[in-house]
Amino acid sequence: MFTSYKVDPFFDEMLKASGKPKDHYQKFYDMIQKFSIDELKEKHETAQLSFLRQGITFTVYNNNIGAERTMPFDFVPIIIPPEDWNTIEKGMVQRSEALNCFLQDVYNEQKIINDGIIPRNLVEENPYYYAKQIQGIKIPLNNHIFLAGIDLIRDENGEYLVLEDNLRNPSGISYVYQNRYVMRQVYPEFFAKHSVQTLEHQVTFLHEAIMDHAPNGVENPRAVLLTPGIYNSAYYDHVFLAQQMGLQMVEGRDLMVSNNIVYMKTIRGLERVDIIYRRIDDDYLDPEAFLEDSTLGVKGLLEAYRQGNVAILNGIGNGVADDKAMYVYVPDMIRYYLNEEPIIKNVTTYRLEDPTQREWVLEHLHELVVKNVGASGGYDMLIGPHASEEEIEKFREKILETPHQYIAQPTIKLSRAPAYQGEEFYPCHVDLRVFVMRGKETHVFPGGLSRVALKKGSLVVNSSQGGGGKDTWVMKSGGLS
């Protein structure tokens, strides 16, 4: 099955350069060799149908027209041995702690700026920095990051690197569960032979982390999930999490504020709300404090938050810590706040407002990846080695016009893993979004969302750009059962 499969020049998650499977993949490799081509095709089709039947979709917008799609799925899992996972887990706890210290600092004493570690303008000119609205607010547990989604990649040597931090509204937990659910349905034989960490208790940890943020003096808090509604691309994620955690899902029109207290409108009258897990961006939360024409938010919500009568998760203004320009400084944050060296490093990153770095980058655009610091989902991005001269020139002009808006990184030989899409196994680039849940305690979701660039040769794993998902197995210590 793997005779035409080429490993070099990339690091492959499953196979050694010789084409033989790695130790932690051996059992899985032996099992798929026993399936006939027809059985593999049938299993692949069953998996896609399972997603379709359950309505597991996301919405892709093009020219303001939304098209609903099922998440493409690939049945070759990413298997992570326990010793690798141990490093990832420690690295994620460390990173999310330092990022939270940074958020607490920039919205209060600003020591890291005053000590010259991070340039003041990088914070104050950041479009996601909401000093006017929330400077000096006391929040439960001093915790701005209830849920982080941190994207990891592996380079050609197999070293894990952090690609980006998502601290506003990281999505994808529902897909982690559905990937596992589909795998158990389609391949029960795999789970009988593998000792994989389960996902069963993780939603409980998530729910506990939410409840830990109850405002002072509230014994039995009521929490709701605030969604922008059915047209949001991650709406499936919202529904899944609300159902699994037993939270009421609400839209802005279902809430109101009276005397700086938030209430939910119900058929039994108004009921007080203490915690809002919001899946709405900051700008739309409260038309009195942010965008005046927002119909998604709740008038007076910010003042209720300022008064300490309601907790909003994730914190308002988290975007100042997770844009691609601030990413460069996260290793410095770890050293500054925790007095530790980063366990998992950043990808080398060039800041284009620095004239020396900019000059070097402009000469090497054909070798580099250039990203807009405010964009996500694979948009406004140049992948130099795959770009035409015209695209490169267009980006050169953009950089010269607004250098602070872009960063550049080397084109990393992203690790690959086999994917099977109905005909053959072929190598595809992968990354891993790891979820960190922070309440009174910190839990790292065992595994996470492995995203795969299913188009042959593509480097873009985002589902909006043709990427798909894989199940992620973290092996228990002791390995195979």
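Modeller: We shall take the sheets, then the helix pairs, then the salt bridges. Please keep in mind that this is a predicted model.

Biologist: Let us begin with the parallel sheet. In what order do its four strands lie?

Modeller: A sheet is read by strand order and by pairing. Here the open sheet has the order β7-β6-β11-β12, and its pairing is parallel. The edges are held by β7 (248–250) and β12 (311–313); each has a single partner strand, so one side of each is left without a neighbour in the sheet. From one strand to the next, the twist averages 30°.

Biologist: How many bridges join β6 to β11?

Modeller: Four bridges connect β6 (residues 223–226) with β11 (residues 275–278), and the two strands run parallel. Ala223, for instance, has Ile275 of β11 as its bridge partner. When you inspect such strands, recall that side chains in a regular strand alternate between the two faces of the sheet.

Biologist: Which strands does helix α9 touch?

Modeller: Helix α9 (residues 202–211) packs on this sheet and touches β6, β11 and β12; its direction makes about 125° with that of β11. Helix α10 (residues 235–245) lies across β6, β7 and β11, and runs at about 150° to β7.

Biologist: How should I describe the packing of α9 and α10 against each other?

Modeller: Two packed helices are described by the angle between their axes and by the distance between those axes. For α9 and α10 the angle is about 85° and the axes are 10 Å apart. Angles of 65 to 115 degrees count as roughly perpendicular, and α9 and α10 are therefore roughly perpendicular to each other. Val203, Leu206, His207 and Ile210 of α9 make the contact with Leu241, Gln244 and Met245 of α10.

Biologist: At what angle do α2 and α7 pack?

Modeller: Helix α2 (residues 37–54) and helix α7 (residues 173–186) pack at about 135°, with their axes 10 Å apart. These two helices are therefore oblique to each other, and their crossing is right-handed. On the α2 side, the contact involves Lys43, Thr46, Ala47, Ser50, Phe51 and Gln54; on the α7 side, it involves Gln178, Asn179, Tyr181, Val182, Gln185 and Val186.

Biologist: Let us turn to the antiparallel sheet. What is the order of its strands?

Modeller: This open sheet of four strands has the order β14-β17-β15-β16, with antiparallel pairing. Its edge strands are β14 (350–351) and β16 (381–383), each with a single partner strand, so one side of each is left without a neighbour in the sheet. Helix α15 (residues 389–401) packs on the sheet, where it touches β15, β16 and β17; its direction makes about 135° with that of β16. Within the sheet, five bridges join β15 (residues 368–372) to β17 (residues 406–410), and these strands run antiparallel. The bridge partner of Leu368 in β17 is Pro410.

Biologist: How many residues lie between β8 and β9 in their hairpin?

Modeller: Two residues lie between these strands, and Asn259 in the turn has a positive phi of about 50°. Strands β8 (residues 255–258) and β9 (residues 261–266) run antiparallel and are joined by four bridges. Val257 stands opposite Val262 of β9.

Biologist: How many salt bridges does the structure hold?

Modeller: The structure holds 26 salt bridges. In one of them, Arg154 pairs with Glu13, the closest N and O atoms being 2.8 Å apart. Arg154 lies in strand β4 (residues 147–154) and Glu13 in the segment before α1 (26–33), so the pair ties together parts that are 141 residues apart in sequence. Both Arg154 and Glu13 are buried.

Biologist: Where do the partners Asp74 and Lys470 lie?

Modeller: Asp74 is in strand β3 (residues 73–80) and Lys470 in strand β22 (residues 468–474), 396 residues apart. Their side chains meet in a salt bridge of 2.6 Å, N to O, and both residues are buried. Elsewhere, salt bridges that share partners join Asp151, Asp431, Arg433 and Arg451 into one network.

How values were computed: Residues numbered from 1 in each chain as written. Predicted model: local features only at pLDDT ≥ 70, side-chain atom pairs only at ≥ 80, totals over all residues. Heavy atoms only, no water. Pairing = 2+ DSSP bridges. Contact = heavy atoms within 4.5 Å. Axes fitted to C-alpha atoms, helices over the stretch in contact; angles between N-to-C directions. Salt bridge = Lys/Arg side-chain N within 4 Å of Asp/Glu carboxyl O. Buried < 20%, exposed > 50% of the residue type's maximum accessible area, 1.4 Å probe, protein only. Parallel < 35°, antiparallel > 145°, perpendicular 65-115°, else oblique. Left-handed = near helix turned anticlockwise from the far one by under 90°.
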